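Visitor: Please show me the model, and let us go through parts of it by question and answer.

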Amino acid sequence: ERDDGVLLSTHQVAERRLGHRLTPALGATMADGRARLDAGRLDGTAVLLAAKSSLYPSILLSVAVPEAVVRAEADADRALDWRWAMSLSAVVLGLAALLHRHLRAEAVARAEMTEARAALTRQHEELQAQAQAREAADLERAQAQSTLDSAINAMVEGFIVYGRDDRVVRFNRHYLEIFPHLRSVLHPGAHLDDVHAVAVNA
């Protein structure tokens, strides 16, 4: 249309309006290319209107989209955005749940591993303490045995002890000095009958 409002061409079926003046006329201030909500140029319905100057300053090009269409498209875009947002939220929540499950399982596994290490440490310490106790008992027993042997061998008299099973438990060297013929048979574990048999035949 011209800058005075005369309609020169339209894509709509409004040929009867060609050559007629549209009011109000689009002035230079309207021909900035920006879209604005206004009344339609042909039927006065609410539209989103944009106008721009052509190569000829007195001729303006205008484009109008019905407000209802714009709002419907905006609503559709918002609905699509909402669906995308909900889908993205669901994905994020799902990933968060998986991450939480993974971290929880990792924490449980770490706690179990820590407890297992502690149990192994306690078991090792107990075994070490038992080994030290056995070692100390063995040492004490060996010292007692050495003390007893020294005491027995220090005796002037001959000394021999038999156990309940009539087997030799301990004797001193003076006993062998007194009964040298028993050297071949006398040793810890020798039976009384064997000792007596050698003693009788000596």
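Visitor: In which loop is N172 found?

Guide: This is a predicted model, in which local features need pLDDT of at least 70, side-chain atom pairs count only at pLDDT 80 or more, and totals for chains, interfaces and linings use all residues. Residues are numbered from 1 along each chain as its sequence is written, and side-chain values use heavy atoms, with hydrogens and water left out. Helices (H or I, at least four residues) and strands (E, at least two) are DSSP runs, numbered from the N terminus. N172 is in the loop between β5 and α2 (173–178).

Visitor: Is N172 buried or exposed?

Guide: Buried means under 20% relative accessible area, exposed over 50%, and partly exposed in between (1.4 Å probe, protein chains only). N172 has a relative accessible area of 1%, so the residue counts as buried.

Visitor: Which backbone nitrogen lies 2.9 Å from a polar atom of the N172 side chain?

Guide: Contact means heavy atoms within 4.5 Å. Leaving out residues up to four places away in sequence, N172 touches I152, N153, M155, E157, G158 and F159. The nitrogen at 2.9 Å belongs to F159.

Visitor: What is the bridge partner of I160 in β5?

Guide: Two strands pair if DSSP finds at least two bridges between them. Strands β4 (residues 160–162) and β5 (residues 168–171) run antiparallel and are joined by three bridges. In β5, I160 has as its partner F171.

Visitor: Which residue in the turn of the β4 and β5 hairpin has a positive phi?

Guide: Five residues sit between the two strands of this hairpin. The positive phi, about 65 degrees, belongs to D166.

Terms used. Polar contact = N/O pair within 3.5 Å; in protein donor to acceptor, adjacent residues only side chain to side chain.
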